[in-house]
Amino acid sequence: MSLKRKAADLATDSAKKPKSNSSITSFFGQPKPNPSTSSTNPSHPASSPTAPATEPIKFDKTAWLTKLTPEQKDLLKLEIETLHESWLGALHSHLTTPEFLSLKRFLKAEALAGKKIFPPSEDVYSWSRHTPLPNVKAVILGQDPYHDINQAHGLCFSVRPPTPAPPSLKNMYVALKNDYPDFKAPLKNGGLLTPWADRGVLMLNTCLTVRAHEANSHAKKGWESFTQKVINVVAEKRRKGVVFLAWGSPAQQRCAKINGSKHLVLKSVHPSPLSAHKGFMECGHFKAANEWLQGRYGEEGVIDWDLDVKPEDAGV
C-alpha cells in the first residue's frame, strides 16, 4: 500500500476548532425505510455495501438543552460547546449522570483552586472534532494524558511540536517501519498525530485530563466510565466494523466485550520501553488493520499512516 498522503485526507482547520453556541439541533435524523437495505430482504441484507456504515442517531440538541438545569448547563459548558455534534448526540445521556456531573464538579474545583490542568480545556475533546463518529475506522487506546507543558492536546500518544516524540511513540514508529518500510515519521523527530485522527483513527485516552506534573491525578474521578461509553458507542454504532488497537492489559480489558465477529481487536503489549521489547515492534498491527479495513470498506477504508505533514497543514 502506498503511504503517500492524499490532499483530501486533511480536513479544514475550522472543522477541528471548538464551535461555540452551535445552532445545529439534530444529527443523523431517522432515515426513511429503504427496502434494498432491509434485513427482511434476503437478497440485500443489512450488511450489504448499500447499508449505512454508522447507525443513525436521533438527537435534538435544542430540546436537550432546555431540559438541563442551570447548574448542569454551567458544568457541561465545555461539552456543549466543544464536543463534536456526532459524539454529543451519542453521549448526551451519559453527561447528565451523577457520576459525570461529579467529575465536572471536581474539575471545576481544581480550576478554582488554581490547579493547572492538561490538556488545555479547548483540547480536551479535540479527538471528537478530528474524528467524528461516522469517520471512525480504527481506535487507538491510551491511558493518562501527558502532564508536562506543550504535550497533551487531546489525542493519545500525540504531542505538539516542537516537543519530540515520547519513547512509546518512537516505538510505534519502529513498528510502522517494520510494516511499511517507506513509512515517514513527522519532521524533526516530532510526535504530532493529528493526521491519523483526521483520517479516521480515534485516539482516545482512558482519562481526558490530568493535573500538571502529577501523573494519574485525575484517575478514578469519572473519566473512565465516560471513555468506556465512547468505546461502546463505536462498537455499537459503526455497523460495518472498526479496528481496535489494544496495547497493554488496561486497553485489552476495555475491549473485552467487543463483538469479535463485527470488529477486529488487535492485542499486543504496550509500546512503552518497559514492555515493547516483548513483541510490540513486530506485532504487525498497522498492516493488519489496513488489510482488514480494505476487506470491509475497499481501498477507501485503508489508513495512510504517513506523518510527514507540516504542523500548519495538520491543524496546529
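**Overview of the predicted chain.** Helices, taken as DSSP runs of H or I with at least four residues, and strands, taken as runs of E with at least two, are numbered here from the N terminus. In this predicted model, the protein chain holds eleven helices and six strands. Of its 316 residues, 51% are buried, and the chain exposes about 14700 Å², of which carbon and sulfur atoms supply 54%. Among contacts between residues at least 6 apart in sequence, 73% join residues at least 24 apart.

**Close-up of the largest pocket.** The space in the largest pocket comes to about 560 Å³, and 32 residues line this pocket, with Gly142, Gln143, Asp144, Pro145 and Asn205 lying nearest its centre. Two or more lining residues come from each of helix H7 (167-179) and helix H10 (249-254). By residue class, the lining divides into 17 nonpolar, twelve polar and three charged residues.

Trp223 and Phe226 are both buried.

**Close-up of the aromatic cluster around this pair.** Trp223 and Phe226 also belong to an aromatic cluster whose other members are Trp87, Phe100, Tyr125 and Trp127.

Key
Residues are numbered from 1 along each chain as its sequence is written. This is a predicted model: local features need pLDDT of at least 70, side-chain atom pairs count only at pLDDT 80 or more; totals for chains, interfaces and linings use all residues. Side-chain values use heavy atoms; hydrogens and water are left out. On a 1 Å grid over the protein atoms alone, a cavity is a set of points where a 1.4 Å probe fits but cannot get out, and a pocket is an open set with protein on both sides within 12 Å along at least five of seven lines; lining residues have an atom within 4 Å of a point. Grid points are joined across faces, edges and corners, and a volume is the space filled by probe spheres set on the points. Ala, Val, Leu, Ile, Met, Phe, Trp, Tyr, Cys and Pro count as nonpolar, Asp, Glu, Lys and Arg as charged, and the others, Gly among them, as polar. Buried means under 20% relative accessible area, exposed over 50%, partly exposed in between (1.4 Å probe, protein chains only). Contact means heavy atoms within 4.5 Å. Accessible areas come from the Shrake-Rupley method with a 1.4 Å probe; for residues, only the protein chains shown count as cover. Rings of Phe, Tyr and Trp (its six-membered ring) pair if their centres lie within 6.5 Å; planes under 30 degrees apart count as stacked, over 60 as edge-to-face and the rest as tilted.
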